[in-house]
Amino acid sequence: MTLDWPTLLPVIFAGLMGLAILIYVILDGFDLGIGILFAVAEDAEQDTMIAAIGPFWDANETWLVLAVGLLLVAFPLAHGTILTALYIPVFLLLVGLILRGVAFDFRAKVPAGRKHRWNRIFFLGSVIASLAQGYMLGIYVLGLDVGLGGIAFGALVALCLAAAYAAMGAAWVIYKTEGELQKKAVLWLRSALVLTALGMVAVSLATPLASPRIFDKWFVWPSMLYLSPLPVLSAMLFGWLWRQTFHLPKADDRHALIPFLTLAAIFTLGFAGLAWSFYPFVVPDRLTIWQAASAPESLAIILAGTVVVLPIIIFYSFYAYRVFGGKATDLTYD
């Protein structure tokens with residue numbers, strides 16, 4: 001295929017959309033995970049955990065808005081097909097995100113006796129949003145199969161993605177806190193890693209089995225050789241991180257950020273594998289990125305706007321994480 005400008009534009013937008021999804025999963029993954037970990041945290045610990053995500057969580061969701069916006073304007077046919085098949089989990093995802101947003105603010109403003117109620121709603125919203133995202137991933141991997149088998153697999157991936165988010169949340173707590181809460185977070189991370197690994201294995205096995213085309217991309221020589229670093233590196237990182245949980249936290253808080261960065265690397269490797277599996281399809285085995293794309297003229301205008309907006313989002317994200325670096329302190333709403 002000749003990579004002229006009209007042919008290249010859909011590829012650019014597919015890359016931008018994939019990048020936005022990956023960044024969202026990593027960044028919003030840790031604050032969704034912290035919401036899930038509310039179930040095993042004490043009251044004072046919950047306040048510290050909220051302080052650890054307070055300056056970031058709202059900006060993290062910007063990447064989800066960007067990803068869905070790019071899907072809508074750049075690949076309208078795929079947007080309609082995917083959201084039609086996933087209408088209910090998308091609705092539940094929005095409900096979960098709304099509950100989280102409301103609870104985040106209300107828990108700090110209500111009388112102390114009602115704070116527990118909003119803590120539970122924050123936990124509930126985090127769980128609903130995480131499970132909805134995992135279910136959508138499972139259904140998408142199977143080519144939008146909404147039969148009984150697809151639903152069962154979607155439920156398995158939903159649980160495993162929620163565990164992966166809990167692992168990300170625990171890793172972030174390790175980085176942002178100290179003392180007993182930090183020690184607890186190490187134990188939470190160790191427990192969540194098991195289901196996280198199970199989820200990645202399940203998706204990795206199901207993806208090639210869902211499509212002969214994807215099977216051939218992974219299990220035909222010499223592709224097997226070229227792609228082998230992805231699962232091998234992922235397994236090595238899982239094993240290394242598991243061992244680290246028996247040595248954390250370290251003196252002087254050394255390597256506190258390493259668990260989070262390691263999980264981010266694992267997520268990136270898994271996402272790279274999925275991207276390779278489904279390319280050039282945006283709807284598995286139904287619509288390629290060129291078939292689903294808007295007109296080249298429309299994509300060119302959208303790209304001009306993206307070139308302006310994307311650097312602003314990236315700059316703000318880096319700036320916020322730099323300004324609010326260091327350990328979490330009591331969060332105030334003045």
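Okay, hi everyone. Before anything else, keep in mind that this is a predicted model.

Let's start with the UniProt record. An unreviewed entry there puts the feature "transmembrane region" at residues 12-41, 85-106, 118-142, 148-175, 187-206, 218-242, 254-279 and 299-319. I checked two of those spans against the model. Over residues 12-41 the chain is 87% helix and 0% strand, with the end C-alpha atoms 43 Å apart. Residues 299-319 come out as 100% helix and 0% strand, and there the end C-alpha atoms lie 29 Å apart.

Now, the helix I'd like you to find is α9, residues 180-209. It has 30 residues, and at 1.5 Å a residue those should span 44 Å; the end C-alpha atoms are 45 Å apart, so that agrees.

In general, an α-helix has 3.6 residues a turn, so residues three or four places apart point the same way. As for accessibility, Glu180 is exposed because its relative accessible area is 54%, while Lys183 counts as partly exposed at 44%.

Lys184 is partly exposed, given its 25% relative accessibility, whereas Glu45 is buried, at 10%. Glu42 joins in as well: Glu42, Glu45 and Lys184 are linked in a network of salt bridges.

In total we count 7 salt bridges. One more that I like is Asp31 with Arg100, where the closest N and O atoms are 2.8 Å apart. Asp31 is in helix α1, residues 5-37, and Arg100 is in helix α6, residues 87-106, so here too distant parts of the chain are linked, 69 residues apart. Buried or exposed, this pair? Both residues are buried.

Over to the surface. Leu209, Phe215, Phe219, Trp221, Met224, Leu225 and Tyr226 make up a nonpolar patch there, and together they have about 840 Å² of accessible area. Helix α11, residues 223-227, gives the largest share, 3 residues. Leu209 brings us back to α9, and that residue counts as exposed because its relative accessibility is 69%.

As background, most residues other than glycine have a negative phi, and most peptide bonds are trans. Here, the bond joining Leu248 and Pro249 is cis, with omega about -10 degrees. Pro249 is in the loop between α12 (229-244) and α13 (258-278). That loop between α12 and α13 also holds His255, whose phi is positive, near 65 degrees.

Then there's the cis bond from Tyr279 to Pro280, with omega near 10 degrees; Pro280 is in the loop between α13 and β1 (281-283). Finally, Asp285 has a positive phi near 60 degrees, and you'll find it in the loop between β1 and β2 (287-288). At 39% relative accessibility, Asp285 is partly exposed.

That's my tour, thanks!

Note on methods: Residues numbered from 1 in each chain as written. Predicted model: local features only at pLDDT ≥ 70, side-chain atom pairs only at ≥ 80, totals over all residues. Heavy atoms only, no water. Patch = residues over 30% accessible without salt bridge, like charges linked within 9 Å, V, L, I, M, F, W, Y side chains within 5 Å. Areas by Shrake-Rupley, 256 points an atom, 1.4 Å probe, with all protein chains shown as cover. Salt bridge = Lys/Arg side-chain N within 4 Å of Asp/Glu carboxyl O. Helix = DSSP H or I, 4+ residues; strand = E, 2+ residues; numbered from the N terminus. Buried < 20%, exposed > 50% of the residue type's maximum accessible area, 1.4 Å probe, protein only. Expected span 1.5 Å × (residues − 1). UniProt positions renumbered as here; feature names shortened; annotations may be inferred.
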